[in-house]
Amino acid sequence: MNNYALVLNAGSSSLKFCLFERPAGEGWRLAARGQIEGIGTSPRLSVKDAGGECLANQDVSVRDGHEAVEALAAWLRSRYGGSSVLGIGHRVVHGGSRFVGPTILNDQVLAELRELVPLAPLHQPYNLAAIEAAFKRLPGVPQVACFDTSFHRGQPAVAELIPLPRDLRYAGLQRYGFHGLSYEYIASVLPQVSPRIARSRVIVAHLGSGASLCALKDGRSVDSTLGFTALDGLCMGTRPGALDPGVVLHLFQGLKLSVAEVENLLYKKSGLLGISGISNDMRDLLGRTEPEARLAVDYFVYRAAKEIGALAAVLGGIDGLVFTAGIGENSPEIRQQICRACGWLGLELDESANLNHGPEISTSRSKVSAWVIPTNEELMIARHTGLLLGLAKAA
Ligand code: ADP
């Protein structure tokens with residue numbers, strides 16, 4: 001009989017999950033990875049084991065996030081009958097200023113996390129629904145929330161500051177930063193991947209549907225491009241990134257849009273999708289010839305390069321640049337364009353290493369080394385969950 005840690009990452013239309021096991025004397029090891037996709041349309045459960053063998057690929061009857069957790073619990077029981085889930089780790093996007101590290105979940109914590117829903121409307125409600133459902137469907141299993149914001153706590157006061165009247169600041173208006181589990185994972189593996197940059201000045205580019213940069217000094221976050229909400233900084237799949245706040249005023253006052261319309265515009269209709277009018281998906285856009293698709297890609301690169309310059313200034317120069325997440329790990333073209341724009345920093349791209357996805361993609365002459373490192377937010381969550389619940393020593 002095996003014992004597992006279950007990691008859940010619940011979104012608006014999907015429930016992604018990983019099952020980790022811990023062989024005696026070893027760290028957490030992936031046993032299975034899967035998802036229920038198409039929640040609300042045509043839901044389907046697919047699961048693969050660590051070697052990529054299919055364990056399940058079937059339609060499921062699921063109408064919402066609660067039922068998705070129920071379907072997953074039923075599948076786990078049928079597949080791993082005699083085994084037990086020792087703990088559940090959840091990805092929770094926003095921990096506000098109160099939750100500075102992984103936290104064991106209970107009713108009180110859940111109530112506090114609900115108050116943060118307006119700050120992350122795209123993710124937080126679904127994260128919390130999965131927690132509530134897991135309390136019901138997997139009763140007695142302890143649950144841990146791991147936050148995308150925690151890794152950034154401890155940044156210098158000026159990096160967290162939003163320069164509005166201080167009463168608002170005291171009420172929690174500050175820059176939080178996101179993608180923290182991804183950055184924490186990258187910081188945890190850098191000493192093995194590149195000991196020479198791990199303890200110095202590194203910018204990590206997490207480029208996926210959501211995208212941000214993090215400035216690391218000695219493995220700690222000193223600044224990042226996402227702020228109070230996940231709307232700031234880089235251009236994203238459907239989010240614009242940094243905007244002149246006067247634009248938002250104009251949407252309300254000049255165009256008379258409602259709060260719901262503006263929220264929808266900012267979270268779901270802008271960014272790559274808004275610029276191109278074609279797609280929010282970088283792979284799609286790279287395959288298209290329309291000028292609008294080209295403009296969206298160009299803006300994505302322009303913005304990333306510009307923000308790398310800003311974080312390089314914060315760090316007083318950089319020693320390493322790391323690409324991760326869907327676009328960062330898989331697109332040599334985007335990496336090439338961003339690295340070329342960083343030539344002034346002393347970065348020289350090794351074109352063939354880049355085509356082969358590295359891991360090191362800079363030449364031996366390059367003053368700044370560049371890397372492709374696949375992120376693993378789920379393993380980070382399993383490690384935190386295991387440590388906090390006393391299930392295991394860190395993997
Ligand atoms: P998230 O987890 O935030 O949903 P991902 O990290 O999975 O996002 O990244 C999704 C993005 O990665 C999409 O824009 C997708 O097109 C892009 N992507 C994945 N593979 C490639 C590729 N080979 N070339 C370019 N973009 C890619």
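An oxygen atom of the ligand lies 2.8 Å from a polar backbone atom of Gly-326 in this predicted model. The protein covers 68% of the 580 Å² of accessible area that the ligand has on its own.

**Ligand shell**

- The ligand is surrounded by residues that include Gly-208, Ser-209 and Gly-210.
- Further members of this shell are Asp-281, Met-282, Arg-283 and Leu-286.
- Ala-325, Gly-326, Ile-327, Asn-330 and Ser-331 also belong to the residues around the ligand.
- By residue class, the shell divides into 4 nonpolar, 6 polar and 2 charged residues.
- Helices α11 (282–286) and α13 (325–330) each supply at least two residues of the shell.
- The greatest contribution comes from α13, which gives 4 residues.

**Open sheet and packed helix**

- An open sheet is formed by 5 strands, arranged in the order β11-β10-β9-β12-β13 with mixed pairing.
- Strands β11 (220–224) and β13 (369–372) lie at the edges, each pairing on one side only.
- From one strand to the next, the twist averages 25°.
- Helix α12 (residues 291–315) packs on this sheet and touches β9 (201–207), β10, β11 and β12 (320–324).
- The direction of α12 makes about 20° with that of β10.
- Strand β10 (residues 211–217) pairs with β11 in the antiparallel sense, over 4 bridges.
- Across from Ser-221 in β11 stands Leu-216.

**Surroundings of Glu-184**

- Glu-184 is located in helix α6, which spans residues 180–193.
- When neighbours within four places in sequence are left aside, Glu-184 is in contact with Phe-151, Met-380 and His-384.
- Glu-184 and Asn-376 are 192 residues apart in sequence, and their C-alpha atoms are 9.5 Å apart in space.

How values were computed
Residues are numbered from 1 along each chain as its sequence is written. This is a predicted model: local features need pLDDT of at least 70, side-chain atom pairs count only at pLDDT 80 or more; totals for chains, interfaces and linings use all residues. Side-chain values use heavy atoms; hydrogens and water are left out. Two strands pair if DSSP finds at least two bridges between them. Axes are lines fitted to C-alpha atoms, for helices over the stretch in contact, and angles run from 0 to 180 degrees between N-to-C directions. Contact means heavy atoms within 4.5 Å. A residue is near a molecule or strand if one of its heavy atoms lies within 4 Å of it. A polar contact is a pair of N or O atoms within 3.5 Å; within protein, one must be able to donate a hydrogen and the other to accept it, and residues adjacent in sequence count only if both atoms are side-chain atoms. Accessible areas come from the Shrake-Rupley method with a 1.4 Å probe; for residues, only the protein chains shown count as cover. Ala, Val, Leu, Ile, Met, Phe, Trp, Tyr, Cys and Pro count as nonpolar, Asp, Glu, Lys and Arg as charged, and the others, Gly among them, as polar.
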